Amino acid sequence: MGKASKKKAQRRQGAGQSRAGFEQERAAGRQERASLQASRALSELGDVARSLEQTGAETVPATIPEWDAESLGHYFFSDSNIVKTAAAPPLAAAVIPEPEKLAADRGLLTGAVSALTRAVVFDGVKASDPALDPFLDLLTPAAEKELEYAAANNSYSDGPLYHFDVFPLFYATLAVVGHDDTLTALLPVLARHFDVALTGIGVTTLTGVQVTESLFRALLEDYRFEDPEDADLLARLKREKTHGTGLMQLVRGTLVAPEDAFRVGLAVLAELAELCRTNAKSILGT
């Protein structure tokens, strides 16, 4: 499964597989390759009531906007990894669990990731908002343990950092990478937007180009990109490729400190969501 130039030509001529069908197939392929633990963690997003305590008031799911078929908005906001987080409690209704309860139910960390995703994608909460701090403080020790495990075993657990990196950040990136846009053309546009997002959270040691290239490298593990215009970029990205998802690569490469990982990830996710609030089929020109 991949982004093949032949299929792009067929679509331009009215033949071949539609973008909707193509998206469904590659999403299914990614799910099939996901580990059993990661799949189980994904299913827990639909049961936030179990994963995260609430103040007692019934949680009203966030409104999921509707967009034209095959638009950026459609692919981003109809993705199951995004849709499930709309059912998470808003930050004001979520309660940080006691340490002993957290130790007994690791699903609470998944619930925290879900609540943070809802906050920046649906509720308009900025990644710089202090309201996120208690949840980030909750997640940081778990992320540090994940990184220790990855360094020792060269593989990943289904902890909250990996979970966020794949569900939803990986799929958010896929929503933006259109079939008729080359990665080469998308790179400077995404980088420019990510530079603004990073400035908004006070990060000055990381660039939008580094973020974008890390997200692209993560895609290479599962999908094939064959546009001739991308040949030089793909060759370089493959040479630099290391095992792991996009955000995890930045942290393991010491470009992002573990304690900043989730805030950086949320800023990037929020920017991707903003770019996809449109009926357009491409971010080029933004």
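The exercises below work through a predicted model of one protein chain, each with a solution in steps.

Residues are numbered from 1 along each chain as its sequence is written. Because the model is predicted, local features need pLDDT of at least 70 and side-chain atom pairs count only at pLDDT 80 or more, while totals for chains, interfaces and linings use all residues; side-chain values use heavy atoms, with hydrogens and water left out.

**Exercise 1. The chain as a whole**

Determine how many helices and strands the protein chain has, and what share of its residues is buried.

Step 1. The protein chain holds 15 helices and two strands, where helices (H or I, at least four residues) and strands (E, at least two) are DSSP runs numbered from the N terminus.

Step 2. Of the 286 residues in the protein chain, 52% are buried; buried means under 20% relative accessible area, exposed over 50%, and partly exposed in between, with a 1.4 Å probe and protein chains only.

Step 3. Among contacts with a separation of 6 or more, 79% join residues 24 or more positions apart, a contact meaning heavy atoms within 4.5 Å.

**Exercise 2. The packing of H9 and H10**

Work out how helix H9 is oriented against helix H10, and which residues make the contact.

Step 1. Helix H9 covers residues 133–153 and helix H10 covers residues 160–176, and the two pack at an angle of about 90 degrees with their axes 7 Å apart. Axes are lines fitted to C-alpha atoms, for helices over the stretch in contact, and angles run from 0 to 180 degrees between N-to-C directions.

Step 2. That angle makes H9 roughly perpendicular to H10, since angles of 65 to 115 degrees count as roughly perpendicular, those under 35 as roughly parallel, those over 145 as roughly antiparallel and the rest as oblique.

Step 3. On the H9 side the contact is made by Leu139, Ala142, Ala143, Glu146 and Leu147, and on the H10 side by Pro160, Leu161 and Tyr162.

Step 4. Sorted by class, the contact has seven nonpolar, no polar and one charged residues; Ala, Val, Leu, Ile, Met, Phe, Trp, Tyr, Cys and Pro count as nonpolar, Asp, Glu, Lys and Arg as charged, and the others, Gly among them, as polar.

Step 5. Tyr162 counts as buried because its relative accessibility is 15%, and its C-alpha atom is separated by 8.1 Å from that of Glu146, 16 residues away along the chain.

**Exercise 3. The largest nonpolar core**

Find which residues touch the most other members of the largest nonpolar core, and then describe the neighbours of Val121.

Step 1. The largest core has 84 residues, of which Phe76, Val121, Leu190, Phe216, Val264 and Leu272 touch the most other members. A nonpolar core is a set of buried Ala, Val, Leu, Ile, Met, Phe, Trp, Tyr and Cys residues joined through side-chain atoms within 4.5 Å.

Step 2. H10 gives the most to this core, contributing 12 residues.

Step 3. When residues up to four places away in sequence are not counted, Val121 touches Phe76, Phe77, Ile82, Leu269, Ala273 and Arg277.
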